[in-house]
Amino acid sequence: MERLNRMYILAPSLLAADFTKLGEQIKETESAGAQYLHIDVMDGVFVPSISFGMPLIQSIRPASGQFFDVHLMIVDPEKYIEEFVRCGADGITFHLEAAKDPWAVINKIHQCGAKAGISIKPGTALEQVFPYLSQIEMVLIMSVEPGFGGQTFIPKSYERIRRMREYIDANGLCVKIEVDGGVGKKNIREVMRAGGDVFVAGSGVFRKNSISHNISKFREAFEEGLTGSTDGKNGKE
Ligand code: DX5
Ligand code: ZN
């Protein structure tokens, strides 16, 4: 059954952008209709890789009116929240596995005036995040192991998204489900049908074709989803 007030959001992941044209590419995602910009912060401790941090967010903030969706793949997230919000984060998602006191992190994010999200890795039981769902705005289900862009979507994620959707709906919660990792035009319809609301796409937005073309494919899928005509389509061009 389709939910009322359904809305799908695309969150291009900056990690896959061409950094020599960063401002330009961000503007292109915005004018093509991506409401969020997904910003992956990695510390080399929680995940093996290191990406970027506050100075980058601060410098791109004036270039975009998008919702800055900051995905913290770092240990001790509570230490840095104030600074990320000051630099321009609108939403901060931290990893449940990385937080010693998730309630304190949620409170800190809200006190700073941002939306709070919790992310879980593919191997973390969904139940672990249930107690927090009524107090956060977004739950991020990782569909790859966090740490790198360009990986393949893990198929068991569909079932995890479905179960999360069922739990949220059954309990009348209004928390968005974000899906991150290996999402592209080939599987977007299936991820939507499983119950996602916000779709992160790095390679799917910034690679192969132009950004505007890639985003138009996601938007087609979203429009079909809203008019209830996704069934039977498989995302072929
Ligand atoms: C992975 C990051 C993702 C990544 C997605 O740890 O959280 O946001 O950039 O990249 P794609 O869409 O290429 O899988
Ligand atoms: Zn991410």
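A salt bridge here is a side-chain nitrogen of Lys or Arg within 4 Å of a carboxyl oxygen of Asp or Glu. Keep in mind that the model is predicted.

Start with Lys217 and Glu220. Their side chains form a salt bridge, 3.5 Å from N to O. Both residues sit in helix α8 (residues 211-226), three residues apart, about one turn of the helix. Lys217 is buried at 16% relative accessible area, while Glu220 is partly exposed at 35%.

Next, select Asp169 and Arg165. Here too is a salt bridge, 3.5 Å from N to O. The two lie four residues apart in helix α5 (residues 157-170). Arg165 is buried, with a relative accessible area of 9%; Asp169 is partly exposed, at 37%.

Move to Lys100 and Asp76. Their salt bridge spans 2.5 Å, N to O. Lys100 is in the loop between β4 (91-95) and α4, Asp76 in the loop between β3 (67-73) and α3 (81-87), so the pair links distant parts of the chain, 24 residues apart. Lys100 is exposed at 67%; Asp76 is buried at 19%.

Now the rings. Select Trp103 and Tyr132. Their ring centres are 4.7 Å apart and the planes meet at 50°, so the pair is tilted. Trp103 belongs to helix α4 (residues 102-111), and Tyr132 to the loop between β5 (115-120) and β6 (138-142). Trp103 is partly exposed at 37% relative accessibility; Tyr132 is buried at 13%.

Two last stops. Tyr8, Phe199 and Phe222 form a cluster linked by ring pairs. Arg61 lies over the face of Phe68, 3.5 Å from the ring centre.

Definitions and conventions. Residues numbered from 1 in each chain as written. Chains lettered and ligands numbered in written order. Predicted model: local features only at pLDDT ≥ 70, side-chain atom pairs only at ≥ 80, totals over all residues. Heavy atoms only, no water. Phe/Tyr/Trp six-rings, centres within 6.5 Å; stacked < 30°, edge-to-face > 60°. Buried < 20%, exposed > 50% of the residue type's maximum accessible area, 1.4 Å probe, protein only. Lys NZ or Arg CZ within 6 Å of the ring centre and 35° of its normal.
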